[in-house]
Amino acid sequence: MKVTCTGRKVNLKDSFIERVEKRMAKLDKFFGDDAEALVTVVVEKSYQKVEITVREGGFVVRAEREAQQMEEAFDAAADVLTHNVVKNRKKLAERLQRQVPQEYQDEPAEVDEYHLIREKRFVVKPSTVDEAILQMNMLGHNFYLFRDAESDEINAVYARKNGSYGLLVPEK
């Protein structure tokens with residue numbers, strides 16, 4: 001697995017990068033050699049956030065955690081990532097190219113099917129991103145699906161934890 005470390009508002013120490021590479025090497029047992037991991041550290045005034053994103057082919061696994069120290073945040077995010085892969089290993093079996101290691105064979109797996117409890121149909125109206133955000137806020141939702149007035153593509157806006165907004169645009 002190729003590991004890339006990025007720091008926003010911080011220069012990462014070599015010891016932290018070595019720690020990341022060593023811990024991410026343990027996840028090689030779940031992913032193939034062509035997998036890429038991006039570890040991003042964001043330093044804010046009162047906390048440090050670590051985001052881990054692993055991509056293999058079209059498959060993406062992501063975890064993020066905040067803590068007082070970046071090492072603590074990284075360890076927590078890596079634990080969440082590992083837990084999610086192990087928990088869903090049977091559903092992921094076709095996506096993950098490698099066999100699950102023996103040490104995880106005895107752990108209880110998530111084998112239940114997903115239970116869809118509601119289906120909602122609605123008209124997707126053309127609008128701008130600003131109009132979609134306004135509509136999302138007016139409805140009190142944390143995401144809103146709309147047709148972009150310029151590109152005629154289906155997009156989604158969503159509210160982020162920090163109060164900002166995100167836009168999901170499908171790639172062709």
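A156 sits across from L168, a residue of β8, and Y158 likewise faces G166 in β8. Strands here are DSSP E runs of at least two residues, helices are H or I runs of at least four, and both are numbered from the N terminus. Two strands count as paired if DSSP finds at least two bridges between them. This is a predicted model, in which local features need pLDDT of at least 70 and side-chain atom pairs count only at pLDDT 80 or more, while totals for chains, interfaces and linings use all residues. Residues are numbered from 1 along each chain as its sequence is written, and side-chain values use heavy atoms, leaving out hydrogens and water.

**The β5-β8 sheet**

- β5, β6, β7 and β8 line up in that order as an open sheet with mixed pairing.
- At the edges you'll find β5 (126-127) and β8 (165-168), each pairing on one side only.
- β7, covering residues 154-159, runs antiparallel to β8, and four bridges link the two.
- Five residues separate the strands in the β7 and β8 hairpin, where G163 has a positive phi near 95°.
- Helix α4 (residues 129-139) lies across β5, β6 (143-148), β7 and β8, at about 150° to β6; such angles run from 0 to 180 degrees between N-to-C directions, with axes fitted as lines to C-alpha atoms, for helices over the stretch in contact.

- Y144 belongs to strand β6.

**The largest pocket**

- The volume of the largest pocket comes to about 370 Å³.
- A pocket, on a 1 Å grid over the protein atoms alone, is an open set of points where a 1.4 Å probe fits, with protein on both sides within 12 Å along at least five of seven lines; lining residues have an atom within 4 Å of a point.
- Grid points are joined across faces, edges and corners, and the volume is the space filled by probe spheres set on the points.
- The lining has 13 residues, and F122, L139, H141, Y144 and L145 are the closest to the pocket's centre.
- At least two lining residues come from each of β5, α4 and β6.
- Sorted by class, the lining has seven nonpolar, three polar and three charged residues.
- In that sorting, Ala, Val, Leu, Ile, Met, Phe, Trp, Tyr, Cys and Pro are nonpolar, Asp, Glu, Lys and Arg are charged, and the others, Gly among them, are polar.

**The β1-β4 sheet**

- Another open sheet of four strands goes β1-β2-β3-β4, again with mixed pairing.
- β1 (2-8) and β4 (59-67) are the edge strands with a single partner each, so one side of each has no neighbour in the sheet.
- From one strand to the next, the twist averages 15°.
- β1 pairs with β2 (residues 36-43) in the parallel sense over seven bridges, and T4 faces L38 of β2.
- Helix α1 (residues 14-25) packs on this sheet and touches β1, β2 and β3 (48-56), pointing at about 140° to β1.
- Helix α2 (residues 70-87) lies across β2, β3 and β4, at about 145° to β4.

**Salt bridges**

- There are nine salt bridges in the structure, each a side-chain nitrogen of Lys or Arg within 4 Å of a carboxyl oxygen of Asp or Glu.
- One of them joins E44 to K9, whose closest N and O atoms are 3.3 Å apart.
- E44 is in the β2-β3 loop and K9 in the β1-α1 loop, so this pair ties together parts 35 residues apart in sequence.

How values were computed
Contact = heavy atoms within 4.5 Å.
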